[in-house]
Amino acid sequence: MGHTQRKAWRDYAVEALMIAASLIVLLPILIMIFGSFKTNVEVLDFSLKLPKSWQFDNYKKVFDEGDLMRAFLNGILITGVSAIINIVTTSAASFVLVRRESRLSNFLYLFFFMGLIAPMSTITTIRVVQWFGFYGSITSVIFIYASLNTAFSVFLYNGFIKSIPKVLDEVAFLEGAGMFSVFFRIIVPLIVPVNATVAIMVFMSVWNDVTIPLYFLTDSSDWTMPLSVYNFYGKFSRDWNLIFADLVMTSLPVFILYLFAQKYIVSGLTAGAVKG
Amino acid sequence: MRISKNLYSYYLIMPALLIYVLFFVLPTVVGLFYSFTDWRLDRESVHFNGWYNFHTIFSDETLLKALRNTIVFAIVTVIGKNLFGLVLAVALNMKLKTRNALRAIFYSPSILSIMVIGIVFTPMLRADGAINKLFEAVGLGSLTQAWLTNPAIVIFTIAVISIWQSAGFQMAIYLAGLQSISKEYYEAATIDGAGSWKSFRHITLPLLLPAININVMLTLIGGLKVFSEVFVLTGGGPGNASQVVGTIILRSFGEGSWGLGTAMNTLLFIVVTIISIPLLLYIRRKEVSE
Amino acid sequence: MINKWIKPSALLLASALAISLTACGSNNANNAVGSDHGASESASSGSAKGEKVTIELAISKSSQDYAFIKEELLKQFEDQTNIHVNVQMLPSEQVTTVLQTKLAVGEAPDLVPYNLASAVNDLNLERNFEILDDQPWVSRLLNKDVLSAYGHVYGFQLSQDAGIQGVVYNKDIFKDLNISIPKNYDELVAAAEKIKASGITPIYMPFKDMWATNIWMGSAFADYVSKNDPTFWDDLNANKKKWTDMPEFANIIDKQYQLYKKGLTNSDVLSDSYDMASGKFINKEVAMMFMGDWFINDLASKAPDLHLGLFPIPYAEDAKMGASPVGGQLFIPKKAKHMEEAKKFLEFLASKDVAQKIVNANKFVSNFNDVTTPELPEYKKEIVDNYITPKKTVVTSDAFMLVDISEEYRYYQDIFAGGKTPQQALEAWQKKFAQLMKDKGAAGF
């Protein structure tokens, strides 16, 4: 009795502490959100005061002048396709890497892992993409993102597929199934949570990236949302309210995706990364 | 009966391998090659110049400072992100009413673009900014600082902001680790009369090792490769006070010394490899032995 | 398998683009009153008549007020020629790197605004940019030199006016406090102290932008060298002399720093940036800033009641006004995808009516024989009468540099952060300078 009561008190204390701590995370974000509804003069105090009057027009203005719809669609296209390519290729690769348990597969695993370590070399990547003949295109950017995320995805899938008992494949093989059908019938249904995790990881890193579109997309109508922020920073260098509105809109798609996929992030990571 | 491993054909690896090799490995190898050249925008031809670029790098005091900053940043962020990540995970693994909302809140900075971080924090960190005002308001006026312009502390400020941004991500991995620990262990411990700290120390921590390994690995590699946080907050300034290897590489490209820039990239690769590969091998061996 | 993913993506993109194009196109249909050189010529460059061509112009976000990218102007051009000019704003910190990279791989935008001198240093003008000698507007130029390098016209600009650098000051504040223009350093300090006593920040230093640290030195070094050792810059570039060989340089640097130490500036100089300056001047929070007359010009339309003027950097008696070469020229990369359209844009800007309008709006000193210079604003007239005509100007030190000098700015910034003394900053810069010159392959290094 006394024990459970003490435990309840402890839970309350922890909860209160956590709520207080969450303010540290929330306040800067709230400054941005409130700021996005202020006038360009009022916003300059960068404070937590609520806007005197809510300027919803800021959003409309930013949306129209920043051509955000197009940037949004570009982002969806680039992020979506590179995430799909990444998921399909790395899950298949990890499947074989895990099951083989040979010297070669161990080496290949390390080889992929080097991708987490090596810093990307922008300028030589441009050179290489140019040799292939599609520098400047959305396609090149999609492949670059798919390759940049290969290492982490292989790492996550590896951990998860290891935890799928091999017996499952063996039964299927004995029934005469080929490797592809084992992969698609047995493994694919089981790795859905990791797929979600990988999708979110890739989505977040690609959606927010600024550098690659800047260097690899020659036509600025192909640019993604974070770069539209730069556009605004230029056109309205002191209109922080518009800059904030743009930042809020840029962050919104990822945030919504996160809310939908929240439960997968933890469960996918459980499976992929920490079970080993 | 054993199934032949040959049934798992390497063909399935090919698509991933191809993309990875063509768009990542090949540029890296090409970069290795250019590291030993005098490649420049304003020169028609490229020549090998041996170790000249590396010699230049090590005689550049700014680069040595950048190396030191990089390592300081990596150490501070590895400790900070993991400590806070772990504390948050343990707390939010308890049965709290607002647990899900809190998890979402703590995770949310890690989905923000680095642009947001730069633009929102820069005005807050000014000498007359919100952070100092807050300190003054709660009577801690002596703690006020020129957070981003005092060369002695600027790299720590950037590290703290980086912790602010990604501790939530580390939290998610630790939560995943905690949830994979079976309740039975704790029940057994309670029966044995172990207190919370004891069961944390003797059950949670050891069983959390895989998650700790991964988090340390990811934060370490990320910390050594740091670029964007520094770039958006200070651009390496004031002066060169907060330069890290990542920003120095960009500086070389801006100066037109591309051979030198790729050489620094190569050097960064080597440094990260030397530090993280032994760690990885250690982790793998432990996992196998378990 | 990979192909399967690309095709839908390409389709999706194509349809997204198509939608946006028709949306713009319908706007245009009514205005398709073909002008003299419009649709018919663009057909020859590979686009069917009536089809819209988009050309890319890449510009630093800090140059957002650039005269040639005003919305009405681009719209007028589009209506006349059906060529859309797409303005890419690049983050200022990365402009040089992005442009260098894109030029090196032959994927440059169609139009690049840049400063001629920097284009020679940073962008390898001769190798990467189109010679414009044969363009129809060249024959109407009054001063070809400001657009030329290696004996050819490379750039386009309507103005032939150099940027004049010195101390921008608020005349009203000076008048109210009965301060006359400081003629030497002591007078500057005295003036600043008087302003400070009235509750106004005397000098605004926007040194978060590191280039701004160099305005004081750029003019003062040049003035000192021109009076004491006129061949110094040539000797420096031939490695016959070093930055540290001029003991006065460290003093000049220190004089700027002492203004800060004496509390005569904004308190947080390393956090304050140039884009905040116009607000500070409009609100009369500050009285002076070391800057170029472009700042006064930019503010003229925003705050017509503000009376700003310029005087030379008073590091010593009788200093001259610093003059930087004409900036903001438009260049066309040799590998531009839409060379003809880009040239047409220059023709459009140079056409008499358009040019006159731009020159009037920006109070340019016209560089075209059939475009008249409008009556100059007061500040400009003063500069012309008091400094340019009596030849009291000197070309700033930056113009003599053959390598990227941003590291020099960083060392100056470091002085304010407490990391270096002026002498140490010069020593560090000399070392870096020699390194950069050597890597560039300059003779003597």
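**Chain contacts and domains**

Modeller: This is a predicted model. In it, 70 residues of chain A are in contact with 69 residues of chain B.

Colleague: Which elements of chain B supply at least two residues to the side that touches chain A?

Modeller: They are α1 (14-34), α3 (61-92), α4 (99-107), α5 (114-124), α7 (154-179), α10 (209-224) and α13 (258-289) of chain B. The largest share is from α1(B), with 13 residues.

Colleague: And how many nonpolar, polar and charged residues has that side of chain B?

Modeller: The side of chain B that touches chain A has 51 nonpolar residues, 13 polar and five charged.

Colleague: Now chain C and chain B. How many residues does the contact take from each?

Modeller: Chain B gives 23 residues and chain C gives 27 residues. On the chain C side, α4 (95-104), α17 (406-416) and α18 (422-440) give two or more residues each.

Colleague: How does the side of chain C that touches chain B divide by class?

Modeller: Into nine nonpolar, 10 polar and eight charged residues.

Colleague: Switching topic: what domains does the assignment give for chain C?

Modeller: Domain 1 (25-162 + 326-375) and domain 2 (163-324 + 392-440). Over C-alpha atoms, the centres of these two domains of chain C are 31 Å apart.

Methods: Residues are numbered from 1 along each chain as its sequence is written. Chains are lettered from A and ligands numbered from 1 in the order in which they are written. This is a predicted model: local features need pLDDT of at least 70, side-chain atom pairs count only at pLDDT 80 or more; totals for chains, interfaces and linings use all residues. Two residues are in contact if their C-beta atoms, placed from the backbone, lie within 7 Å. Helices (H or I, at least four residues) and strands (E, at least two) are DSSP runs, numbered from the N terminus. Ala, Val, Leu, Ile, Met, Phe, Trp, Tyr, Cys and Pro count as nonpolar, Asp, Glu, Lys and Arg as charged, and the others, Gly among them, as polar. Domain bounds come from an automatic or database domain assignment.
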